[in-house]
Amino acid sequence: MSNDAQPLGERYIAVQESEEFGDLRRTFRGFVFPVTAFFLAWYFLYVLLSIFASDFMGTKVFGNINIGLIMGLGQFVTTFAITIIYVRWAAKSFDPKAEALAATITTIDTPEAKD
Amino acid sequence: MTTLAAATSTGSPALNITIFVVFVVATLAIVIKVAGGKKTASQMYTGGAAFSGRQNGLAIAGDYLSAASFLGIAGAIALQGYDGFLYSIGFLVAWLVALLLVAELFRNTGRFTLADVLSYRLKQRPMRIATATSVLAVSFFYLLAQMAGAGGLVSLLLGVDGAAAQNIVIAVVGVVMVAYVMIGGMKGTTWVQMIKAVLLIFAVALMTVMVLAQFGMNLSSLMQGAVDKNPAAGDKLLEPGLKYGKSLTTQIDFISLSLALVLGTAGLPHVLQRFYTVPTSKQARKSVEWAIWLIGGFYLLTLVIGYGAGALVGADAINAAPGKANAAAPLLAFELGGSWLLGIVSGIAFATILAVVAGLTITASASFAHDLYNQVFRNGEATQEEEVKVSRYAVVGIGLVAIFGGMFAKDQNIAFLVALAFAVAASANLPTILYSLFWKRFNTRGALWSMYGGLGSALVLIALSPVVSGSETAMIPGADFSIFPLANPGLISIPLGFFLGWLGSVTSKEFNRAKYAEMEVRSLTGHGVAETVDH
């Protein structure tokens with residue numbers, strides 16, 4: 001356990017209220033909330049078009065490939081793209097901040113032996 | 001028609017049984033080799049948190065690409081065309097919720113079970129009870145779907161439609177699954193899931209190439225083939241609305257289903273449990289990244305498999321087969337590669353069911369032993385040995401429940417049954433998970449109202465829906481108390497879960513400042529994870 005004078009709970013509160021942690025939280029939420037809003041909106045747009053505008057979705061573009069299929073495959077494309085973008089963003093913009101902050105919360109305790 | 005012949009005596013039963021036995025023996029041998037022997041709680045529930053992100057991503061794909069994905073979606077696309085495709089899209093997009101909002105924070109704040117996270121800054125006892133209740137309920141629905149898939153699959157292969165034969169098969173699946181979990185714990189189960197994921201993706205890729213080869217590698221021609229084979233549906237097969245466009249009720253049902261699919265994944269206990277099998281949140285992120293690639297790739301292939309079954313086997317033959325829609329993929333395998341391919345594909349589908357059921361059982365038994373037995377009945381004072389022992393009894397109990405439940409549910413479309421599990425998970429678990437991680441004001445009353453309200457409303461609405469009574473395919477034929485028109489309750493029960501979580505929280509003053517700080521700091525920085533894992 002810690003040798004620090006400050007109890008554990010208060011130390012976490014101090015970290016939580018620090019400038020750096022506020023910045024980390026803003027960084028994280030500033031990315032994931034808008035992206036979540038985007039992919040959910042896009043998904044439900046697709047669902048609503050499918051069910052209430054099926055004639056439009058059935059419009060053939062080439063051969064038997066219609067707008068519905070293209071938009072459906074578009075959902076796959078956006079899912080893959082968001083995954084790539086998020087993973088890169090996290091490694092570049094989030095992880096360094098999170099690790100730096102974790103390192104400052106030192107001596108809370110030492111890991112025990114593996115089980 | 002060769003396809004009609006296929007429906008009545010599909011392949012060679014002796015060959016099929018041989019392949020099944022080979023699969024079971026081989027995977028059991030692997031489980032014994034990698035993970036036999038006595039186990040600590042950590043080894044039993046999380047494989048000691050020692051898997052890499054890539055391994056876990058593969059195991060997640062193995063866990064998630066269940067019988068519903070393979071057999072259910074292929075059948076849905078074969079029969080309902082475009083509407084079946086929606087399942088794949090919802091099941092995939094749902095992973096973004098897990099990737100962006102849940103996986104990493106969840107890994108940073110928990111260790112063994114979902115309740116670890118949900119009770120972190122709330123009152124332990126009531127939260128453990130509520131979470132265990134919800135985990136057991138969701139797992140039950142998911143188990144039903146998998147067991148139903150097993151029964152349908154094997155009855156197809158043995159050419160029997162008799163209830164007794166199917167029930168025996170369901171019982172065998174249950175017994176083998178219990179053996180996997182008892183012997184291998186989470187480590188053994190994870191290995192089975194990884195192996196199965198590789199085999200399944202490989203088999204489906206092979207079938208995709210074989211199907212496309214018959215249509216000059218042209219998706220458009222394949223779709224034309226499906227249309228030509230099904231004149232009753234015609235061009236409607238390619239457009240949305242064949243199943244869900246009939247009336248306003250079915251249209252709303254479609255929206256309800258879509259909501260449940262996209263919000264369900266990140267609330268499924270057995271999916272969340274997988275995030276505990278890796279050591280850090282970065283590895284959890286990597287797990288989801290891999291899972292999205294594998295699962296997305298797989299669902300793209302199911303489009304070809306589904307239309308391929310529609311074009312080469314035909315809707316009439318699928319509907320005539322034992323297992324109906326669930327038989328589309330195996331019948332397609334027979335059409336493409338005769339008894340051998342059918343046997344191999346069915347063996348893989350069978351392994352799929354075993355692996356998924358084993359993962360579900362571990363999660364449910366961990367919740368029972370860790371949350372209910374140890375934390376609630378023994379006030380956290382039980383020894384590891386006692387807890388692991390109880391989890392083993394729980395495995396047997398859950399196996400029995402799954403067997404009897406599966407016997408009841410065997411005629412339902414399994415993709416559809418799984419959608420119900422998603423609805424329950426999204427209503428009962430997701431609101432509390434998100435509020436716990438993101439909303440400062442959240443407290444125990446909000447959590448309890450949300451969990452019991454979400455779970456209760458979802459279950460009641462399912463009981464009053466056409467799924468249970470009052471329709472041709474109802475579970476209780478002959479009776480009719482279906483006063484709720486939608487087959488999927490998500491549209492009502494998910495918003496209700498979120499609303500009750502808010503309402504309960506704002507009417508209660510409870511707030512644990514220190515625990516809130518600890519949870520949020522840990523969730524974002526990963527501080528203290530090593531300690532959480534190790535002791």
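Biologist: What makes residues 1–8 of chain B a stretch to be read with caution?

Modeller: In this predicted model, pLDDT (the predictor's confidence in each residue, from 0 to 100) stays under 50 over residues 1–8 of chain B. The model has 15 contacts beyond four places in sequence for these residues, two residues being in contact if their C-beta atoms, placed from the backbone, lie within 7 Å. Where pLDDT is low, the predicted coordinates should not be read in detail. Local features need pLDDT of at least 70, side-chain atom pairs count only at 80 or more, and totals for chains, interfaces and linings use all residues. Residues are numbered from 1 along each chain as written, and chains are lettered from A in the order written.

Biologist: What is the mean pLDDT of chain B?

Modeller: The mean is 88, and 95% of the residues of chain B reach 70 or more.

Biologist: How do you know which element gives most to the side of chain A that touches chain B?

Modeller: The contact takes 46 residues from chain A and 46 residues from chain B. On the side of chain A, the largest share, 14 residues, comes from α4(A).

Methods. Helix = DSSP H or I, 4+ residues; strand = E, 2+ residues; numbered from the N terminus.
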